[in-house]
Amino acid sequence: MSILFSGRVSSGASAHKISFGRRFIMFWVNHVRQALFSLGELWRTPSASILTIGVLGVSLTLPATLHLLVKNVQQVSDSFTQAAEISLFIKDGTDDRQINSLLKILQADNDIARVTHISKQQALDEFADVSGFGAALTYLTDNPLPDVLLVLPKNTSAGSARQLLERLSKERIVEFGKLDIDWLTRLDAIVGLLRQAVLVIAILLLGAVLLIIGNTIRLSIMSKKDEIEVMKLVGATDAFIQRPFLYSGVWFGVFGGLLAFLIVEAMLWWLQGAIGSVTSLYDSDFRLMAFSVTEFFSLMLLAVLLGLTGSYLSVRRHISAIEPTGP
Amino acid sequence: MLEFDQVSKSYPGGFVALDRVSFKLEKGEMAFLTGHSGAGKSTLLKLISLIERPSVGRVLINDVDLSRIRRPHIPYVRRDIGIIFQNHRLLMNHTVFDNVALPLVIEGFSGKDMVKRVHAALDKVGLLDKVRCLPQTLSGGEQQRVGIARAVVNKPPLLLADEPTGNLDPDLSKDIMRVFEAFNQVGVSVLVATHDLGLVARMKYRTLTLKQGKMINDGLLQYQEDPL
């Protein structure tokens with residue numbers, strides 16, 4: 001494109017009437033070349049690059065770890081939600097016929113997934129088995145335990161389980177119902193709080209990352225001030241000059257993200273043993289969840305976007321500020 | 001090709017660098033711009049290359065008023081002007097090839113086409129054998145010629161040179177001027193700012209002389225015509 005001389009052919013692409021397809025390929029080839037050039041630039045200034053990548057990686061590690069923590073705690077609380085079971089204690093002296101008819105009614109209920117009847121005798125046997133009072137219990141003249149109906153609601157959320165409990169407690173032969181779900185709501189609230197905290201911390205750290213990358217790019221622009229002046233004098237547009245710096249930002253993002261991922265993985269590996277011994281004590285099948293593929297790519301995408309944004313903010317301010325002062 | 005129409009340039013603080021300068025450089029014409037330091041030579045070149053804007057008056061290139069060029073379009077104007085700097089302003093950590101190829105890379109050339117043009121430009125200034133050298137390893141005159149190759153590699157219709165022989169001895173200066181003459185002979189308009197009056201007089205080209213911002217002479221330098 002020549003503004004002053006309309007007939008002058010000045011662009012490499014238009015000089016030979018290159019086809020659109022080939023120009024499209026050349027466009028990408030040029031971008032790849034510039035990206036590799038920027039990578040080389042990072043390689044040529046290893047200490048500065050490593051510091052920036054390190055800061056970026058560590059800054060991303062904290063939110064990533066917290067995210068994993070929330071995810072795992074949620075997994076624990078989810079598995080407990082399955083156990084949002086309502087115990088209905090039947091009034092003493094109710095005969096089996098009444099219990100069976102209630103059992104039928106409940107089985108037909110749309111809100112209920114499953115009903116199990118534990119009779120007095122079953123309960124006593126189980127208690128004798130588990131408690132270790134086996135012999136002592138034989139001295140009891142009669143069975144003090146009530147019949148129990150275990151009701152598993154279809155909707156296991158705390159609110160609807162509680163509604164069901166209220167309804168079932170009104171049944172004539174039910175002494176009272178019990179739903180051990182308060183601690184679950186508390187856990188939910190704590191997980192919610194944790195998630196909010198993660199968000200706030202993540203935003204703060206990501207802000208810091210933006211500033212760090214912006215500053216690194218600014219220093220690298222300043223160190224190339226002469227070069228930029230010369231490029232401007234021979235007709236480089238701001239867009240052309242800023243492209244390598246933007247690519248540097250992208251590379252910082254890529255390496256920072258990878259570093260964060262590796263740190264988190266190392267941490268998980270380190271903790272695996274300790275967590276295993278704790279969960280085996282609780283007889284739980286809890287398994288520590290690592291990053292999923294989607295999460296890994298989200299992390300990388302976030303890191304790259306941060307790098308790009310940080311460098312863009314810096315580049316936009318500083319490259320237009322450099323003007324050649326004279327031939 | 002290049003026209004100054006009553007151009008004045010004053011800087012904040014009241015210093016008048018150019019005072020109502022008018023001249024016209026035709027297509028394919030070669031001219032010298034002389035004057036003492038501070039006479040306004042550099043300011044004049046800065047106005048052409050859009051580093052500065054005139055306070056009053058118009059600068060036209062190919063009948064396009066440069067005041068109409070907005071900031072985002074300045075790079076495209078500079079691509080039409082080859083500029084040679086006194087201190088050559090090469091990128092010292094890049095090879096001669098990379099330096100000369102820079103304007104082509106900026107314009108989107110690549111591959112064989114680019115290599116061909118770079119080699120042609122370096123051939124014209126006689127440095128084809130130094131293509132892989134770093135500028136530090138070259139002499140002052142060679143560095144200046146690399147600067148010339150960079151300025152002409154994309155075949156601009158207008159060539160500006162600011163004190164291109166400033167740091168060179170007379171023989172090398174003459175060589176450099178020959179290079180400019182060669183470009184002029186293939187139709188490029190050339191404007192060379194220099195204070196080397198002896199050289200100017202020997203070359204017998206049109207000479208514009210500035211004194212304290214005013215154009216005091218336009219034509220051949222008369223008083224230097226006498227044999228030394």
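**A helix pair in chain A**

In this contact, Ile213(A), Ile217(A), Ser220(A) and Ile221(A) of H7(A) meet Phe245(A), Ser248(A), Gly249(A) and Phe252(A) of H9(A). Sorted by class, the contact of H7(A) with H9(A) holds five nonpolar and three polar residues, and no charged ones. The model is a predicted one, and what follows should be read with that in mind.

Two packed helices are described by the angle between their axes and by the distance between those axes. Helix H7 of chain A covers residues 182–223 and helix H9 of chain A covers residues 238–281, and the two pack at an angle of about 140 degrees with their axes 11 Å apart. Because angles over 145 degrees count as roughly antiparallel, H7(A) and H9(A) are described as oblique to each other. The crossing of H7(A) and H9(A) is right-handed.

The largest nonpolar core has 68 residues, and the members that touch the most others are Leu33(B), Val100(B), Ala149(B), Leu159(B), Leu160(B) and Phe180(B). Helix H3 of chain B, residues 96–106, gives the largest share of this core, six residues. Apart from it there is a second, separate core of 24 residues, which includes Ile53(A), Ile217(A), Tyr247(A) and Val250(A); Ile217(A) is also one of the residues through which H7(A) meets H9(A).

The crossing of H3(B) and H5(B) is right-handed. On the H3(B) side, Val96(B), Asn99(B), Val100(B), Leu102(B) and Pro103(B) meet Val146(B), Ala149(B) and Arg150(B) of H5(B), and by class this contact has six nonpolar residues, one polar and one charged.

Finally, the two chains also touch each other, with 24 residues of chain A in contact with 34 residues of chain B. On the side of chain A that touches chain B, the elements giving two or more residues are helix H1 (20–44) and helix H8 (225–233) of chain A, and H8(A) supplies the largest share, four residues. By class, that side of chain A has 14 nonpolar, eight polar and two charged residues.

Methods: Residues numbered from 1 in each chain as written. Chains lettered and ligands numbered in written order. Predicted model: local features only at pLDDT ≥ 70, side-chain atom pairs only at ≥ 80, totals over all residues. Core = buried A, V, L, I, M, F, W, Y, C linked by C-beta atoms within 7 Å. Buried ≥ 20, exposed ≤ 12 C-beta atoms within 10 Å, placed from the backbone. Left-handed = near helix turned anticlockwise from the far one by under 90°. Contact = placed C-beta atoms within 7 Å. Nonpolar A, V, L, I, M, F, W, Y, C, P; charged D, E, K, R; others polar. Axes fitted to C-alpha atoms, helices over the stretch in contact; angles between N-to-C directions. Parallel < 35°, antiparallel > 145°, perpendicular 65-115°, else oblique.
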